[in-house]
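Where does a folded protein leave empty space inside, and what surrounds it? Take a look at the structure below, then let's walk through it.

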Amino acid sequence: MEQLPGGRRPQLVSSLGLEQRAWEVTLDEERGGLAWRDPRPPRRGDENCFVPTSEIIAVEEAELNKKQRNSGKWQKMGKPHAFTVYYVKKARNHRWRCSDVTFWCADEHLCNQWIQALKELLEMQKSRPKQLLVYINPYGGKRQGKRIYEQKVAPLFSLASISTDVVITEHANHAKDNLFEVNINKYDGVVCVGGDGMFSEVMHGLIGRMQKDSGIDQNNPKAPLVQCNIRIGIIPAGSTDCICYSTIGISDPVTSALHIIVGDCQPLDVCSVHHNSTFLKYCVSLLGYGFYGDILKDSEKKRWMGPMRYDYSGFKTFLTHHYYEGTISFQPAKHTLGSPRDKYTCRTGCYICKRSEQQLAQQQKQCGLKHEEEEWKVIKGKFLAINAVNMSCACPRSPKGLSPAAHLADGSADLILVRKCSRFDFLRYLVRHTNQDDQFDFSFVDVHRVKSFQFTSKLSEDNESNVTDVGKKRFVHFCRDHPACCCNIANSTWNCDGETLESSAIEVRVHCQLMKLFARGIEETCKDEAAYRQSSVEQLL
C-alpha cells in the first residue's frame, strides 16, 4: 500500500500479470476506480483501461486453465495465484455487457490483499441491492419472460451475490395484489420481467401499498402522495418496452440487469388520473386520447396477432381519421427551467430535473402560505390526438419519442394537442417522430408543459347540460364530420400506459419524483464516455 499526500486514503499499486505480460494495476479509493496499463512504450493497439468502482460487479479467486499453465512463462513459477474482476463494459447505443479481466502474481499474500481490498470497496457501495423480489410475466410479448430471466438475468444476480424471491404471475393483477400482502420491507427493490403492462402493475402495487400504509386516500385528486423509496427494476420482455428505453436508452435484458446490480437510482414523475373524485390509474409514460386511444382499443380485439396488432390497428386508425371535440384545461408548470421546444434532453444527472424539483418544493411552500389558486388555461377545439407524456416515450421506431425534451423527474408533463387537419398533414406529423425534424413545427400542433390538466369531451359537456336528445341530430352531425368512419363513435378512449380507461372525462395531476427506478437516465454518447475514461486513467496513473 502506498501512502498518498494530503491525508488521502492509500492506494494499492502492483505489477500484476495479465495474459502473458506484466501490467501496472492501480486501485484508488479516493478517485473511485480500478486502472491497469502496460508500462512499456505504447504500441499500436495497446490501451489504458479504467473501471469506476461503481461499475465493478464482483471479484473472485480464480484458477488458470491448463493452456496458460503449460506455457513457458508459467513453468518458471511454482503455483501462480490469480483473481478475476467482473465489471460493466459499455458498448454502442447504451448497451452494457458483463466483462472480466484476470490478474495473476506469484505472491499468494499479494493476491489475497487485492481480493480483500476489492471486496471491501464493493461492500461500501451501499446503494446496491442484496435482496430482490422478482415478478415474471410468462405470457407477455413473445412469452419469453421466464427464459430471458433464467438464462440472462439470474446468472448475473448470482454472480453479484443478490438473493431473489421469484414469483411467476398467473393472472392479471397477480403482482399488484401480492405487493399488498408481502413484507415489502425485507427487500431492497422489486424487479418486473415483462413489458410496460407488467411494470404498470408492479408500480400500482407499490404506490398503492405505500399510500395505504400511510393512510392516504387515493380517491382524493389533491392528496399529497407519499414517495416510494423501494426501487423498481425493469427487465424488458414484452411487446412494448417504452419505459425501459426512455430511462436507460435501450431495451436489453442484460443492460437492465446490470443497472440493477450496480444500484443505479433514477427518480420518476408519476401522473394520477381521476374521474369525479374516483381514482382510476397512475401513468408514467403516455396518456393519449384520440389517435393513440383508438389504436389501443382496436388492438385489444386482436391480441392473437401478437405485437403486429399495433401496426395493423395503427394503419386502420390512421385511415378512419377520427377527431374528437372537447375542452382541455391546464395549469402551466411555471417551476420548470426548460420547455418542450428547447433542445435540452433529459440525461444522466439532469440539472433541469434537480433544479425543477427544488423550485417546485419552494413554490408549493409559498402557495401553501398564501392559499392562492394558480391560474388555469382553457382550450376548446376538435382534436385528432391529445397526448400527455412524462418522458420522451422514445422507442426503436421513434428514437426521439413523442416529446424529445420531456424530462423524467421535473414534476411536469408535456401536453401535446393535435388539432383537426387533413390526413396528409397528420401523416407529416407522424413521420417526424422517426426523423430529426421538429415534430411540433406545425400550425395544428400545440405543446404545453403542465403540472395538471382536465379534459371533458363535447358529448360529456352536453350530457351535463341536460341535453338528452343526442339521437338523430348528433348522428347526422358525426356522419358529416366523419364520412369514412363508423358513425356512432362520439368519444374516444384514453390510453393510459397501454391500458384503456372507462371514462373520457378525467383529471390529471403530476406527482414529482413519486417513485424510483434501478436506472440512471440516458447517458451521453460513447465518444464522450471514452474521453471521460481516458482522462480518468491519466489522472489515476
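Predicted model: local features only at pLDDT ≥ 70, side-chain atom pairs only at ≥ 80, totals over all residues.

## Before we start

## Looking for gaps

How do you find empty space in a structure? Rolling a probe the size of a water molecule over the atoms shows where empty space is left. In this structure, five cavities of 30 Å³ or more turn up.

## The largest cavity

The largest cavity has a volume of about 60 Å³. Its lining is made up of I232, G233, I234, C244, T247, I248, S256, H259, L517, F518 and A519. Three elements each give at least two residues to that lining: β11 (231-236), α7 (242-248) and α8 (253-261).

What kinds of residues are these? Seven are nonpolar, four are polar and none is charged.

## The second largest cavity

Next up is the second largest cavity, with about 50 Å³ of space. Around it you'll find G290, F291, D294, T317, F318, H321, H322, L384 and F426. Two or more lining residues come from each of α9 (291-299) and α10 (308-320). This lining splits into four nonpolar residues, four polar and one charged.

## A stop at V13

Now for a single residue. V13 sits in strand β1, which covers residues 11-18. Is V13 buried, exposed or partly exposed? V13 counts as partly exposed because its relative accessible area is 31%, and buried would mean under 20%, exposed over 50%.

V13 and W114 are 101 residues apart along the chain, and their C-alpha atoms are separated by 9.6 Å.

Terms used
Residues numbered from 1 in each chain as written. Heavy atoms only, no water. Helix = DSSP H or I, 4+ residues; strand = E, 2+ residues; numbered from the N terminus. Buried < 20%, exposed > 50% of the residue type's maximum accessible area, 1.4 Å probe, protein only. 1 Å grid on protein atoms, 1.4 Å probe; cavity = no way out; pocket = protein on both sides within 12 Å on 5 of 7 lines; lining within 4 Å. Points joined across faces, edges and corners; volume = space filled by probe spheres on them. Nonpolar A, V, L, I, M, F, W, Y, C, P; charged D, E, K, R; others polar.
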